[in-house]
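Reader: I have the sequence and the model open. Could you take me through some of it, one question at a time?

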Amino acid sequence: MIASCLCYLLLPAARLFRALSDAFFTCRKNALLAKSSSTQVEGDFAMAPRGPDQEECEGLLQQWREEGSSQALSTSSEGPLVDKGLAQSSLALLMDNPGEQDAASEDKWSSRQLSDLRAAENLEEPFPEVLGEEPLPEVEGPMWAAVPTQTGPQYADCAVLPMGALAAEQWEEDPAVVAWSIAPEPMPQEEAPIWPFDGLGQLQPPPMEIPYHEILWREWEDFSAQPDAQGLEAGDGPQFQFTLMSYNILAQDLMQQSSELYLHCHPDILNWNYRFANLLQEFQHWDPDILCLQEVQEDHYWEQLEPSLRMMGFTCFYKRRTGCKTDGCAVCYKPTRFRLLCASPVEYFRPGLELLNRDNVGLVLLLQPLVPEGLGQVSVAPLCVANTHVLYNPRRGDVKLAQMAILLAEVDKVARLSDGSHCPIILCGDLNSVPNSPLYNFIRDGELQYHGMPAWKVSGQEDFSHQLYQRKLQAPLWPSSLGITDCCQYFTSCHPKRAERLKYSRDFLLRFRFCDIACQRPVGLVLMEGVTDTKPERPAGWAQSVLEEDTLEPEPVFPRTVGTIQHCLHLTSVYTHFLPQHGHPEVTTMPLGLGMTVDYIFFSAESCENGNRTDRRLYQDGTLKLLGRLSLLSEEILWAANGLPNPFCSSDHLCLLASFGMEVTAP
C-alpha cells in the first residue's frame with residue numbers, strides 16, 4: 001500500500017493529487033471489504049494508535065483538492081521537498097485503522113469509492129493492487145515494526161533486548177563509554193517533528209530498552225564506617241584500609257577457541273578493542289588498590305594492559321602459563337599504598353608427574369603497606385596476596401587438589417614470619433570449583449579426607465555419577481618427590497634451617513694437628529729443605545686418631561597421613577554465595593547459560609571458640625578485617641541481560657571486589 005502511493009509520487013504534477021485520492025479510496029474499499037473476515041492481531045504488540053473518524057479524513061482530503069491548483073505549480077519547482085510532504089500526509093492517512101469504523105460510515109463511503117474505482121480504471125497507467133502479494137521495495141530511512149513486550153513475571157522489571165537491535169543500530173560514539181555510563185547526565189529532549197494533522201495518531205518507534213547498568217546494578221555492602229581522607233579509620237584503633245579486585249577478564253584467544261560458548265553475543269561486543277575499553281572503564285570506576293587478573297593474554301598484556309595500568313598508577317607482575325599457552329595471571333598494586341617485598345611465580349607443571357602435567361600457574365606477592373608519615377612511628381604487618389587460575393577439567397579433581405597444595409605451600413613459605421606464625425593472607429582467583437565442594441571446603445576448613453573420593457566430585461562442577469568408570473583418588477595423592485607434605489608445606493619449611501657454614505672452635509681444630517692423616521706426607525708434595533723435609537713428631541700422650549663427629553644432619557622423614565591433607569592458613573570467603581535479599585545463589589559466571597560461582601576471594605580470619613572445641617567454619621575478624629564487598633548477581637538477572645559477556649560486562653565472569661582493614665600498631 002505504501003509502495004503504491006510512493007510510486008504515484010513520480011507521476012506528473014497534474015495527475016498527482018488525483019492518483020493519491022484514488023489510492024486512498026481504493027485502500028479504504030479493500031479494507032472495508034475485508035473487515036468481516038479480517039483477523040485480530042494477537043499477542044502483546046505495540047500497535048499504532050487509532051485514527052479519527054472518516055468525516056475528518058474527508059474534510060482533509062477536500063481541502064487538499066481545493067488547494068491542488070496552487071500546490072501543483074510549486075511541485076515542479078520544489079521537487080522532492082513537496083513530494084516528501086505529500087508522501088508523509090498520504091502515509092498518515094493510509095495508516096488509519098479501519099477496524100473501528102461503524103456500519104453507517106461504510107454505507108456512506110461505498111458509492112463514492114465505487115465511482116472513484118471506475119475512474120481509476122480509465123487512467124493510462126493501471127493502478128497496482130494496494131493489498132497485493134508483491135513484496136514491498138526497500139526504502140531509505142528507519143523501518144518501523146511491531147515490537148513484542150515482555151510478559152514474563154520474573155522479568156517484570158527488566159527489558160528484553162531486541163534480537164536485531166545491535167545489528168541495525170550503528171554506534172555514533174565510543175560503545176565502551178556508552179556501555180559504562182553508570183550515572184548518565186540527563187540530556188535535553190529533542191523536539192519531535194511536527195505532525196501535520198491534529199488528532200491523527202502517529203506510529204511510534206519501538207521503546208528503548210532499559211540500560212544495562214540498571215539491569216546489572218551491583219550494590220556496595222558496607223560493613224564498617226567510612227574511612228577518612230588518609231585511608232585510616234579511628235575505631236578501636238587506626239586501620240590501614242585498601243581494596244582488592246579479582247577478575248577473570250577472558251583471554252581473546254580462549255574465546256575464539258571456544259566460540260560455541262558465545263553464540264548468544266553480538267560479534268561487535270566480542271571485539272577485543274571494545275572489550276579492552278570496557279575493562280579499563282571498569283578498572284577506573286572501582287579503582288582498586290590491588291588488582292588480581294586471570295586469563296590475561298600475553299601480547300595484550302605487554303602491548304595494552306600493562307602500559308594502561310601503569311598510567312593508572314599500578315605496578316604490575318605477570319606470569320604466563322607454561323607450555324604453548326598464551327595467557328596467564330597478573331597481580332598489580334599501587335606503589336603509593338604498598339611496597340614490594342618479594343614476588344614468587346608458581347608453576348604447577350612437574351616433568352615426569354602425570355598428576356601435574358598441566359600448564360596452570362599462580363603468582364604470590366608479599367607487600368608492605370605504607371602508612372602516612374603523619375602517624376609517626378607505627379607499623380603494619382606485611383600482606384601476602386596469591387592469585388591463581390586452577391585447571392578447568394571437571395573430571396580431574398586430583399589435579400586441582402595437587403595444584404592447590406603447591407600454591408598453599410608457596411603461600412606458607414612466603415607468609416611465614418620469624419616466630420612461625422603467618423602474616424595476613426588473601427588468596428583469590430578462578431578456582432573452577434563451586435561453593436561447598438570438597439576443594440572449597442578444604443581451603444576454608446583446612447582439612448580434607450580424599451581417599452576413595454571420585455575425582456569429578458572434588459570441584460562439583462558437573463555430576464558424572466551415572467558413568468560406569470570413575471577415577472577415584474588414592475593415597476598418597478602426590479609422591480614425596482614433590483617435596484610437599486600432606487600439610488601443604490615444603491619439607492624445608494618444616495624444620496629449622498641449618499647454617500650455611502659450620503663454625504668450629506680453635507681447640508676443636510687443634511685436635512687434628514697430630515692425627516695420623518696429618519702426619520702422612522701428601523702425594524706430590526714438593527720437597528723443600530727446612531720446610532717439607534721433616535716429619536712431624538706426635539707428642540707423648542697425643543691420640544693417634546680423633547673421632548670425627550658427623551656434622552651432617554639426616555634428612556627428616558615425614559610420615560604420610562592416610563588419605564588426608566591439611567593446611568594451617570585459616571582462610572574464609574569474602575562472599576556467602578547467597579544473595580541476602582532473596583536467598584538466590586550468587587553467580588560469577590554463566591557457561592552455556594548455567595550460572596555458578598567459581599571465583600573467590602579468601603582472606604585470613606581467626607577461628608572462634610565454640611564450647612569445648614574449635615569449629616573452623618566459624619570465624620571472627622583478626623589482623624585482617626573485612627570492611628565491605630561488591631554484591632554479586634543472580635542467574636535470573638544475568639539472563640535478563642542476555643548472559644555474559646554483554647555490552648556492559650565484557651567478560652564471561654563478574655569481577656569480585658572487597659575492602660579490608662589492617663591494624664596499625666606502635667613499635
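Reader: Over how many bridges do strand β1 (residues 220-222) and β17 pair?
Author: Strands are DSSP runs of E with at least two residues, and helices are runs of H or I with at least four, both numbered from the N terminus. Two strands pair if DSSP finds at least two bridges between them. Here β1 and β17 run in the antiparallel sense, with Trp-220 opposite Leu-630 in β17, and the number of bridges over which they pair is three.

Reader: Which pLDDT do local features need?
Author: This is a predicted model, with residues numbered from 1 along each chain as its sequence is written and side-chain values taken from heavy atoms, leaving out hydrogens and water. Side-chain atom pairs count only at pLDDT 80 or more, and totals for chains, interfaces and linings use all residues, whereas local features need pLDDT of at least 70.

Reader: Which residue in strand β18 (residues 656-663) stands opposite Arg-629?
Author: β17 also pairs with β18, in the antiparallel sense and over five bridges. Seven of the seven residues of β17 (residues 624-630) are buried, where buried means under 20% relative accessible area, exposed over 50%, and partly exposed in between (1.4 Å probe, protein chains only). The residue of β18 opposite Arg-629 is Ala-658.

Reader: Which residues are buried on each face of β9?
Author: In a regular strand the side chains alternate between the two faces of the sheet. Seven of the seven residues of β9 (residues 383-389) are buried, so this strand is largely enclosed by the rest of the structure. On one side are Leu-383, Val-385, Asn-387 and His-389, and on the other are Cys-384, Ala-386 and Thr-388.

Reader: How far apart are the end C-alpha atoms of helix α11?
Author: The expected span of a helix is 1.5 Å times one less than its number of residues. The 15 residues of α11 (residues 272-286) should therefore span 21 Å. The distance between the end C-alpha atoms agrees with this: 21 Å.

Reader: Which residue caps the N-terminal end of α11?
Author: Just after the helix, Asp-287 takes a positive phi of about 50°. At the N-terminal end, a side-chain oxygen lies 2.9 Å from the backbone nitrogen of Asn-273. That oxygen belongs to the capping residue, Asn-271.

Reader: How many residues of α13 are buried?
Author: Helix α13 (residues 397-415) reaches 26 Å from its first C-alpha to its last, close to the 27 Å expected. The helix is largely enclosed by the rest of the structure, because its buried residues number 18 of the 19.

Reader: Which side chain makes a polar contact with that of Ser-459?
Author: Ser-459 lies in the loop between β11 (447-449) and α15 (506-510) and is buried, with a relative accessible area of 0%. A polar contact is a pair of N or O atoms within 3.5 Å; within protein, one must be able to donate a hydrogen and the other to accept it, and residues adjacent in sequence count only if both atoms are side-chain atoms. Here the contact is 2.9 Å, and the partner is Gln-461.

Reader: What separates the C-alpha atoms of Pro-645 and His-264?
Author: Pro-645 lies in the loop between α17 (635-640) and β18, and is buried with a relative accessible area of 1%. His-264 is 381 residues away along the chain, yet the separation of the two C-alpha atoms is 9.0 Å.
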